[in-house]
Amino acid sequence: MIKVINPGLQTTVQDHGRIGHYEVGMPPSGAMDKYSYLASNLLVGNKDHAAVLEITYMGPVLEFQQDVNVAITGGEMPPKINGQSVPMWETLAIKAGDVLSFDFIKQGARVYLAVAGGIDVPLIMESRSTYTLCGIGGFEGRALQAGDELKIGGENESEIAVGTRISDELIPTFSKTNEIRVVLGLCSYRLTEESKERFFSIDWTVTPEANRVGYRFKGERLNFVEREQPFGAGSNPSNVVDLGYPIGSIQVPDGVEPIALLNDAVTGGGYATICTIISTDLDKMAQIKTNEKVRFVAVDIHEALEIRKEYQGKINQMKQQVLGHKGGVKNG
Amino acid sequence: MARYEYGGDEFIFVELSEAMSLETNFQAMAITKTLREGKLPGILDICPSNASYMIRFNPDIIHPDELISKLKELDQEVSLENFEITARAVDVPILFEDPWTHEALMRFRDRHQDPTATDLEYVARTNGFQSKEELIKAITDSPYLVSMIGFVPGLPWCYQMVPNEQQIEAPKYVRPRTYTPERAFGFGGAFAVIYPVQGAGGYQLFGTAAAPIFEKEQRLHDFKESMTFPRQGDVFRYRSISMEEYEEIRSEVENGDFRYLTKEITFKPQDVLENPKAFSDSVLRRLYA
C-alpha cells in the first residue's frame, strides 16, 4: 500500500493506454512519455504494460507501507527518500514507513514512478489509465488526492538488483527550444502555401493550455485557401466535414493558434488537421512546458519509420542493459 | 477521388469526399466493415467517419504503403449494391428549448453569430423556416443515420435521411463555448449530435436528451455491453417531448429502469438513396409498430 500524503499538482495512474476503442470516441490516455514509462517499469522488473504514476510539474509526497523496489524516470525532478537525495533512472529500494518526495522540477515536465508489481487499480476496457474527462480508469477516474491509498499489484516478471541503472547515453536530455518532427498531410491542402511555409519557419511558444488533452501554441496567424465550403462542413474556412483526428495531429481553429492533440484528446471533429507529430516525438512533446519554444520540422513517412527504428533500438539497448546486465552500470 | 494521407507513422487518413452525403458515408461504412472482417494483422483501430475514415496501425507489422494499397483495392472492390446494414432504429426523446441548454446558450451570446436570438430562432431563420416550431418539426419528422462516433466517448454525429435540398445546415459558434451541459442536443454543419458529457462545444444548442448516451457505471440495460450507446449505422429518430415526459424518463433513468425503444432493422444503402422518404416512413412504422 502507498499512502498519498500530498498529491502534487497532477498525479495520475497511467499505463500503455486504452487502445482499440478509438472508433467509439475513447482516446487512449496512457503515459505521455512512453520511453520514460517503459524505462521505469523495466527498472523494477515489471511487465511492459504495468501501471505507474505520471507526475506533472510538481511531485507528490508518498508514504510506503511495505518494502518495495521503485524507479523514477522522465523529466528531472530530484527525488528524496526520507529527505535524502536518491538518483533517477535507477532501481531503488524502499522500506515500509519510508516517505518519497520530490524537489522542484529542473527540466522536462513529467516524471514516471514505477513500483515493482505496478499500481493496482481496476482494468477498464483493458487498461488502468486514467481518463479524467469522463472519470474513467486509474484511481476512481481522477488525479490522486491526499489520503488516497494505492494498492500494489503483481505485474512484475523479473528480479532487478537495487542499484541497476540506465546508462547516461540512453537518458533523454531536455532543452528550452525543441524540434518536433511531423508528417505534413491530412487536410494540409487547406493552408495557403505561404502559411505552410511559415508554420515550419517560426518558433511557436507553448501557451498555459498545455496538458494531457493537448498543447496550444502562440505564434502568428495562419491562413486558409479561400473556397466555397463543402456541404456539411460549417462556415469557417478552418472547418471541414467532421472527421477523425490522429493522435498527435495539429489543427488551427480559425487560423489563430495551432493545437496539438495528445493522449486524452477528442478523437474527431470539424477542424482541418494539417500534420501529425511522429510517434517518437510525442514523448518529447510530453516533456515540454508552458512558455518553452517549439519548432516544427517536416519529415516524410520513410524518415519517420527510420526514426522509429532508431528509437526501438534504444529501447532494446535499455532492455539489454537492465535485463541482461550487459554494459549496465551498477552502483556499489 | 479518395485521398490517402499519412497521419504520422501510426495512422492512415482516407478522405472519400470533401462534402458530406449519405452515399459517401455508406461507402466509408462498407470499406471499414470489409476491412474489419478481413482481420488484417497490425490493425489497431478502424474508425469510420462522416465522409472519410481513419486507421491506426502498427507499422512494425504492416508498412503504411502496403496498407494504403490494400485500402485502394478495397475501394475498388466494395460495392454498395451488395452491402447490407443491420442496425437499430432508436426512439430518442428530446426536450426542445429546455432550461439547461437555454441557460448555457444565453451565457455565451458574445460567441454567437446572432447575440439577439436563441440558437433555435437563428437556425430556423437561416434555413428559411417561418418559425422555430417549423424547424423542430423538420428535425423530428425524418430519422437520422448515425454517421460517425467520436469527439468524446459515445457522441453520435447524425445525418438526416432526407433529400439534399431538405438538409438543415447550421454554422458552428463563432468561438466555441467552454461549457455545454451533459446530454445537450446540438446542431452544427449538417449534423445533429448529443453531447454525452459536460464540456466544451461549438454546435448550436436546441434541447436536451432525456436519456443518457454514455453511462460509465453501466447500470442501465442498454449499457451492459458498452459504456457508449450509439453505433455507426444506427437510425435515430429524435422525438420532441414535453417537460412531463422528460421528468418521467429522468426518474426511470434514476431508478435504473429506462430502456431505449429500439427495433432491429436491415437495409441496403440503395433503399435510402433511391427514396429517402419511403425509407424513413418504413423505419418509423416499424419502430412504433
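In the predicted model, the end C-alpha atoms of residues 23-314 of chain A lie 32 Å apart. The span is 14% helix and 32% strand. In the UniProt record, an unreviewed entry, residues 23-314 of chain A carry the feature "domain: Carboxyltransferase".

Strand pairing in chain A was examined next. An open sheet of seven strands runs in the order β7-β6-β9-β4-β1-β12-β11, with antiparallel pairing. Strands β7 (84-85) and β11 (119-120) of chain A form the edges. Each has a single partner strand, so one side of each lacks a neighbour in the sheet. Within this sheet, β4 (residues 61-64) of chain A pairs with β9(A) over two bridges, in the antiparallel sense. E63(A) faces V99(A) of β9(A).

Strand β14 (residues 177-184) of chain A pairs with two strands of the chain, β22(A) and β21(A). With β22 (residues 293-298) of chain A the pairing is parallel and comprises six bridges. Here V182(A) stands opposite A298(A). With β21 (residues 273-277) of chain A the pairing is antiparallel and comprises three bridges. In that case L184(A) stands opposite C275(A).

β14 of chain A also takes part in a side-chain contact with a helix. R181(A) and D281(A) meet in a salt bridge, with an N to O distance of 2.9 Å. R181(A) belongs to strand β14 and D281(A) to helix α3 (residues 279-286) of chain A, so the pair ties together parts that are 100 residues apart in sequence. R181(A) is partly exposed, at 24% relative accessible area. D281(A) is buried, at 1% relative accessibility.

Over all chains, the count comes to 43 salt bridges. Another of them joins E90(A) to R165(A), whose closest N and O atoms are 3.8 Å apart. E90(A) sits in the loop between β7 and β8 (92-94) of chain A, and R165(A) in strand β13 (residues 164-165) of chain A. The pair therefore links parts that are 75 residues apart in sequence. E90(A) is buried because its relative accessible area, 7%, falls under 20%. R165(A) has a relative accessible area of 22% and is partly exposed.

In chain B, the side chains of K132(B) and E97(B) form a salt bridge at 2.9 Å, N to O. K132(B) is in helix α5 (residues 132-141) of chain B, while E97(B) is in the loop between β5 (85-96) and α3 (99-107) of chain B. The pair links distant parts of the chain, 35 residues apart. K132(B) is partly exposed, with a relative accessible area of 23%. E97(B) is likewise partly exposed, at 41%. Salt bridges with shared partners also join R308(A), D9(B), E10(B), R56(B) and D60(B) into one network.

Burial was also examined at a helix position of chain B. T32(B) lies in helix α1 (residues 22-38) of chain B. At 1% relative accessibility, T32(B) counts as buried. Apart from neighbours within four places in sequence, T32(B) is in contact with I46(B), P48(B) and Y53(B).

On the surface, L9(A), M58(A) and F104(A) form a nonpolar patch. Together these residues have about 370 Å² of accessible area. F104(A) is placed in the loop between β9 (99-102) and β10 (107-115) of chain A. F104(A) counts as exposed because its relative accessibility, 70%, is over 50%.

How values were computed
Residues are numbered from 1 along each chain as its sequence is written. Chains are lettered from A and ligands numbered from 1 in the order in which they are written. This is a predicted model: local features need pLDDT of at least 70, side-chain atom pairs count only at pLDDT 80 or more; totals for chains, interfaces and linings use all residues. Side-chain values use heavy atoms; hydrogens and water are left out. Patches are made of residues with over 30% relative accessible area and no salt bridge: like charges are joined within 9 Å, nonpolar side chains (Val, Leu, Ile, Met, Phe, Trp, Tyr) within 5 Å. Accessible areas come from the Shrake-Rupley method with a 1.4 Å probe; for residues, only the protein chains shown count as cover. A salt bridge is a side-chain nitrogen of Lys or Arg within 4 Å of a carboxyl oxygen of Asp or Glu. Helices (H or I, at least four residues) and strands (E, at least two) are DSSP runs, numbered from the N terminus. Buried means under 20% relative accessible area, exposed over 50%, partly exposed in between (1.4 Å probe, protein chains only). UniProt positions are given in the numbering used here, feature names are shortened, and annotations may be inferred rather than shown by experiment. Two strands pair if DSSP finds at least two bridges between them. Contact means heavy atoms within 4.5 Å.
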